[in-house]
Amino acid sequence: MASPPRRVSSPLLYSLASLPLFHALPIYPSSFLSLLLSRSSSSSSMAPQEAAASVAQKSSSIDEAAPLRNRVTVVGSGNWGSVAAKLIASNTIRLPSFHDEVRMWVFEETLPSGEKLTDAINTRNENVKYLPGIKLGRNVVADPDLVNAVTGANMLVFVTPHQFMEGICKRLAGKISGDVEAISLIKGMEVKMEGPCMISTLITEQLGINCCVLMGANIANEIAVEKFSEATVGYRENKEIAEKWVQLFNTSYFIVTPIQDVEGVELCGTLKNVVAIAAGFVDGLDMGNNTKAAIMRIGLREMKAFSKMLFSSVKDSTFFESCGVADLITTCLGGRNRKVAEAFAKNGGKRSFDELEAEMLQGQKLQGVSTAKEVYEVLSHRGWLQFFPLFATVHEICIGTLPPSAIVEHSERTPK
C-alpha cells in the first residue's frame, strides 16, 4: 500500500516573508543637495594657486597612502578565472584602496597559431581561448610564472579546477606571507585518508593564510557580457575582510552578499555540480521538466543533509542564498556539467566523460564527475550511502555500473 503523501512546510516561503528583497535608495533632503551644490560651486571658483595647492595636497596624501593599497593576483585564467579578472579589474582601476594592475596567472599553452596564450592575452587584452570576444581591462596582466604572479600581492583569488589546487599550493608554500588574504572561487573538495578537505581549508593549511569563498549562480559567459547576477561571499570571523572582497567583486550587474558560513557556501558550490550531472541525464533521456524538478529537489535535500552531517555549523539560511538554491537552478538549466551529462546519456553511457569533455569543452574541465567520486568515497567510508541515494546513483552511472536511466530508479533505495 502506498504511503500517504507527507505534508511539507515551506521554509522558503517563511524565509522570504522576513527577508528584505529590495534595498531602498537613500533619499536626500533638498538642504543636503544644496550643500553639495554649494561645495561644487566653491571648488570651481577656487583661485588657480589654491586649486594647484589642493591637487598637490591630494597627490601627497595618495603617495603617503600608496603602500597601504591592496594588490590583487588572480590564480587561474580559464573561463571563470578570466571573468573574475575582468570584474576585479573594473574595480581596482577606480578604487583608491587598490593598485590598478591585476595580475593573472596563466597556465601557459601554445595556440594553434603558434602564439603563446599569455602573449595573446597581453597583446589583445582578451583570453582568446577561454573567453574570446571579451576585453578583460587594460590593467589585467597575464603572467605564466606562478610565483612571480603572486609576488607582492596581498589579496589572492584562486579560481582553477579543484584537482590542480594541491599542486599549486605546494609550489606556493613558503613563498607567501601570513598577512595575505585569499578567496576561493573553486568548486570541489579533496578527499584524504582523514576525511574530506574543502579547498579553502587546503589553502589555509598549506599556505598559512585566511581564506574566504565566493560562490553563486554564476555562469561565466553571462557575467562576461554583464547580465545581472548575484554571488555569496562566505567568511569565518572577520567581516571586515569579507566586505573588502565584496568591494573588489561587486558591480552594478554583479551583486555580492557576505555571510558567515564558509563551509556552507563552499559545499553548496561543490555539491550542486553532482546534481547538475543528474539533471543532464534527465535531459539526455528526454524525461521532461517534472522529472528534472524532482531531481533538483531531491538533490537540494541531499546537499543540505550532507553539508550539515559534515559540518554542524552550516546554516539552513545559506541554502536560500545565491550560492544555494539559485546556483543549483542555474547549473541544472545550463552549465558544462549538465551539458556533458546530457551527451553522455544520449550516447547510452557508451562514450566516456573524459572523451566528451575533451570534445565539447575545448580545454575546460568538468567538476561534477570528480566531485561525485569524492562524495561517494566519503559516503562509503562513513557508512552513509543509504542516506544519499541520488549522490550514490550519479557516481555509479558515471563509472558505468548503472545505466543513465537509473537516475529515476534511485528512489527504490529510499533511506530508512
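## Strand β4 and its neighbours

In this predicted model, Val74 has Val157 of β4 as its bridge partner, and the strands concerned, β1 (residues 70-75) and β4, pair in the parallel sense over 4 bridges. Val157 also stands opposite Ile183 in β5, and β4 is joined to strand β5 (residues 181-184) by 4 bridges, the two strands running parallel. Between β4 and β5 the chain passes through α7, and this β-α-β crossover is right-handed.

In a regular strand, side chains alternate between the two faces of the sheet. Strand β4 (residues 155-158) is covered on both faces, with Met155 and Val157 buried on one side and Leu156 and Phe158 buried on the other.

## The sheet as a whole

The open sheet contains 8 strands in the order β3-β2-β1-β4-β5-β8-β9-β10, and its pairing is mixed. Its edges are formed by β3 (140-143) and β10 (254-259), each of which pairs on one side only. On average, and with direction ignored, neighbouring strands of this sheet are turned by 25 degrees against each other.

An antiparallel pairing is found between strand β8 (residues 210-215) and strand β9 (residues 229-234), which are linked over 3 bridges; here Val213 has Gly234 in β9 as its bridge partner.

## The largest pocket

The largest pocket has a volume of about 1200 Å³. Its lining comprises 44 residues, of which Asn79, Trp80, Arg336, Gln364 and Lys365 are the closest to the pocket centre. By class, this lining has 17 nonpolar, 18 polar and 9 charged residues.

Several helices contribute to the lining of the largest pocket, with at least two residues supplied by each of α4 (79-92), α7 (165-172), α9 (220-224), α11 (262-284), α13 (322-333) and α14 (336-346). Among them, α7 is also the helix through which the chain crosses from β4 to β5.

Asn125 counts as buried because its relative accessibility is 6%, where the cut-off for buried is under 20%.

Glu226, likewise a residue other than glycine, has a positive phi near 65 degrees and is found in the loop between α9 and β9. With a relative accessibility of 45%, Glu226 counts as partly exposed, since that class lies between the 20% limit for buried and the 50% limit for exposed.

Notes. Residues are numbered from 1 along each chain as its sequence is written. This is a predicted model: local features need pLDDT of at least 70, side-chain atom pairs count only at pLDDT 80 or more; totals for chains, interfaces and linings use all residues. Side-chain values use heavy atoms; hydrogens and water are left out. On a 1 Å grid over the protein atoms alone, a cavity is a set of points where a 1.4 Å probe fits but cannot get out, and a pocket is an open set with protein on both sides within 12 Å along at least five of seven lines; lining residues have an atom within 4 Å of a point. Grid points are joined across faces, edges and corners, and a volume is the space filled by probe spheres set on the points. Ala, Val, Leu, Ile, Met, Phe, Trp, Tyr, Cys and Pro count as nonpolar, Asp, Glu, Lys and Arg as charged, and the others, Gly among them, as polar. Buried means under 20% relative accessible area, exposed over 50%, partly exposed in between (1.4 Å probe, protein chains only). Two strands pair if DSSP finds at least two bridges between them. A crossover is right-handed if, with the strands pointing away from the viewer, the path from the first strand over the helix to the second runs clockwise. Axes are lines fitted to C-alpha atoms, for helices over the stretch in contact, and angles run from 0 to 180 degrees between N-to-C directions.
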